[in-house]
Number of protein chains: 2
Amino acid sequence: MSGSTEGDLTKTGMALKHDREWDYELDRIVEAIEERDASKVGLQFPEGLKRRGPKVADDLREAAPDDVTFMLSGQPCYGACDLDTYLMRRTDVFVHFGHTPMKESDSIVYVPLFSNVDPFPIMEDALEELDDPSENADVGLVTTAQHMNRFEEMTDWLEERDYEVHTRRGDDRLTKEGQVLGCNYASADIPADQVLYVGGGKFHPVGLAMEHPEKRVVIADPVNNAVSIAEHDQFLKQRYASVHKAMGAEKWGVIFCTKIGQGRWEKAQEIVDNNENAYLITMDEVTPDRLRNFDMDAFVNTGCPRITTDDGPRFHKPMLTPGEYEAAIGEKPLDSIEFDTFHDTW
Amino acid sequence: MSGSTEGDLTKTGMALKHDREWDYELDRIVEAIEERDASKVGLQFPEGLKRRGPKVADDLREAAPDDVTFMLSGQPCYGACDLDTYLMRRTDVFVHFGHTPMKESDSIVYVPLFSNVDPFPIMEDALEELDDPSENADVGLVTTAQHMNRFEEMTDWLEERDYEVHTRRGDDRLTKEGQVLGCNYASADIPADQVLYVGGGKFHPVGLAMEHPEKRVVIADPVNNAVSIAEHDQFLKQRYASVHKAMGAEKWGVIFCTKIGQGRWEKAQEIVDNNENAYLITMDEVTPDRLRNFDMDAFVNTGCPRITTDDGPRFHKPMLTPGEYEAAIGEKPLDSIEFDTFHDTW
């Protein structure tokens with residue numbers, strides 16, 4: 001059961017090889033192929049769905065003209081920033097599954113892959129963690145791209161239970177009302193001290209809690225069928241530890257990430273302009289392996305903040321966000337450290 | 001002591017921060033910066049020299065105008081194919097150290113990084129492994145980009161010892177007489193059944209032995225100060241094992257590598273056009289991690305053959321070269337398997 005009726009494959013009569021848990025919107029893709037008379041079509045799936053790729057390609061081969069060549073992107077893909085720009089440039093139609101648009105173009109088809117999981121049973125359980133509406137009715141509501149299709153229903157559901165639901169589109173990086181990204185929680189800038197996050201996993205709500213430490217973030221996870229509270233204490237402790245470790249650093253590697261949506265050039269250049277022991281390093285994937293060969297004492301990552309906060313401990317030297325770097329070199333007080341977020345598109 | 005006098009830094013009077021083992025040809029780089037009035041300069045080092053990058057950047061900062069921003073490429077770099085095209089496109093001068101050109105352009109400066117190791121003592125030792133010139137005077141001579149600057153001297157040295165030295169420029173992929181690449185040994189297509197390889201490591205001579213199994217390949221390694229014979233038996237055994245494992249495969253992943261110099265598009269498309277259970281997968285770095293998420297029974301790698309032959313066992317499913325694939329699906333006899341080489345530039 002998918003919320004999108006346009007892409008409803010149950011009516012196409014095709015013998016589908018792919019699973020039906022997600023709606024891949026094959027008819028919309030085939031339409032784009034025919035409209036553009038495409039001969040090369042690129043398909044990019046998020047890491048967790050890559051193994052569905054071949055079957056989706058099979059179904060598309062069935063439905064599309066014979067002379068179309070389909071290509072699956074083998075580049076790592078964890079978010080909207082991981083757009084395979086090489087494949088995008090070299091195909092007539094490029095389909096990106098599972099993330100909202102970071103860049104718009106006529107030849108790109110974004111297929112959101114809405115979850116078909118029913119969110120309401122777990123939202124019911126989550127009510128126990130929210131204040132009783134008779135005492136505090138204000139609640140924020142946020143979710144991820146996967147559950148966006150039922151956002152209005154969720155809002156109505158909470159309102160029927162006497163909550164005053166505060167939602168917000170956020171800034172330009174966010175395409176939908178109530179949407180959060182791993183690096184942007186502007187949709188939670190609402191006048192409520194409790195926020196209900198409906199979605200899978202803890203990656204997003206923990207980011208939200210880091211960005212808004214003053215708010216109580218209740219997680220209603222319909223995928224894992226679990227309710228919990230997002231914790232950010234561990235985060236702050238780990239960040240302080242990294243800043244302390246980096247304080248004695250002499251040589252700094254300043255990472256400029258070349259991915260779409262992550263290029264904070266001014267920030268990177270400002271750091272190297274003001275520190276003669278800082279060196280600009282450019283790369284797409286920021287991994288421990290790639291940094292190990294650079295003889296640096298510490299790194300500042302101007303790219304994805306979640307690499308810094310979530311994967312930081314996997315790197316051989318401390319890695320800081322630009323704000324933490326300022327604290328480490330004494331330009332800002334230590335207690336000013338906050339979660340690093342992204343607000344532009346690309 | 002470097003063979004290149006143009007780039008001899010001992011005469012520049014600069015207080016050099018970088019080591020002197022290699023000649024980074026700073027004056028040639030500074031000249032290019034001034035000529036192009038560059039404000040952004042990219043520097044790309046091979047993996048093994050990445051840690052020298054910051055010091056080379058320091059010396060360049062000293063010598064270049066104040067408003068120049070230097071950027072170090074953090075992309076993996078193991079060979080001439082690993083040109084950081086992103087950084088190349090976004091800088092006014094782009095310097096690639098340690099490999100011969102795969103693509104020529106006004107804004108690219110290639111610095112060969114010639115070794116300053118004396119090759120003649122180890123060549124002396126290697127004579128014991130060559131036939132006595134009175135019995136068989138014909139010998140091929142090959143080396144890598146690092147030792148290219150002394151190739152003529154090496155030829156003379158062998159001729160003085162009564163050898164008839166056969167050398168060859170090879171094909172378009174090779175820029176210098178006697179040069180070998182990990183994927184191209186056309187410079188060893190010479191009428192001699194013994195070849196002397198002068199250079200560091202076994203990567204190149206083992207490739208040579210795989211490509212020319214009928215020749216005896218003597219390794220004179222001046223870096224590790226060792227003489228040995230390149231073996232290819234292990235290679236063939238391992239390749240047969242991989243082909244056998246892949247024989248029952250139903251679903252094939254056909255890798256198209258997006259790196260400069262590795263794109264064999266016709267080969268890749270031919271395979272998918274003729275096998276409905278083959279799927280094209282595009283990527284730059286071909287790593288076990290990236291392929292693990294694809295649900296395939298076997299892979300054909302149309303990109304770098306050395307990933308297939310040298311790293312093959314690290315992948316979760318058998319990976320074959322295009323020629324081996326033909327053997328695995330029964331289109332070619334098994335004993336026709338040979339080393340996969342590259343002959344175009346890009």
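What radius of gyration would a compact globule with 346 residues have, and what does chain A have?

Figure 1. A compact globule with 346 residues would have a radius of gyration near 20 Å, and chain A agrees with its 22 Å (taken over C-alpha atoms, with the globule rule being 2.2 Å times the number of residues to the power 0.38). The C-alpha trace of chain A spans about 65 × 55 × 30 Å along its principal axes. Its secondary structure comes to 11 helices and 13 strands (DSSP runs numbered from the N terminus: helices are H or I with at least four residues, strands E with at least two).

**Figure 2. Helix 1 and helix 2 of chain A packed together.** Here helix 1 (residues 26-35) meets helix 2 (residues 53-63) at an angle of about 50°, with axes 10 Å apart (axes are lines fitted to C-alpha atoms over the stretch in contact, and angles run from 0 to 180 degrees between N-to-C directions). The two helices are therefore oblique to each other (under 35 degrees is roughly parallel, over 145 roughly antiparallel, 65 to 115 roughly perpendicular, the rest oblique). On the helix 1 side, A:L26, A:I29 and A:V30 make the contact, and on the helix 2 side A:V56, A:D59, A:L60 and A:A63 do (contact means heavy atoms within 4.5 Å).

**Figure 3. Chain B laid on chain A.**

**Notes.** Residues are numbered from 1 along each chain as its sequence is written, and chains are lettered from A and ligands numbered from 1 in the order in which they are written. In this predicted model local features need pLDDT of at least 70, side-chain atom pairs count only at pLDDT 80 or more, and totals for chains, interfaces and linings use all residues, while side-chain values use heavy atoms, leaving out hydrogens and water.

Notes:
Copies are superposed by least squares on the C-alpha atoms of residues with pLDDT of at least 70 in both.
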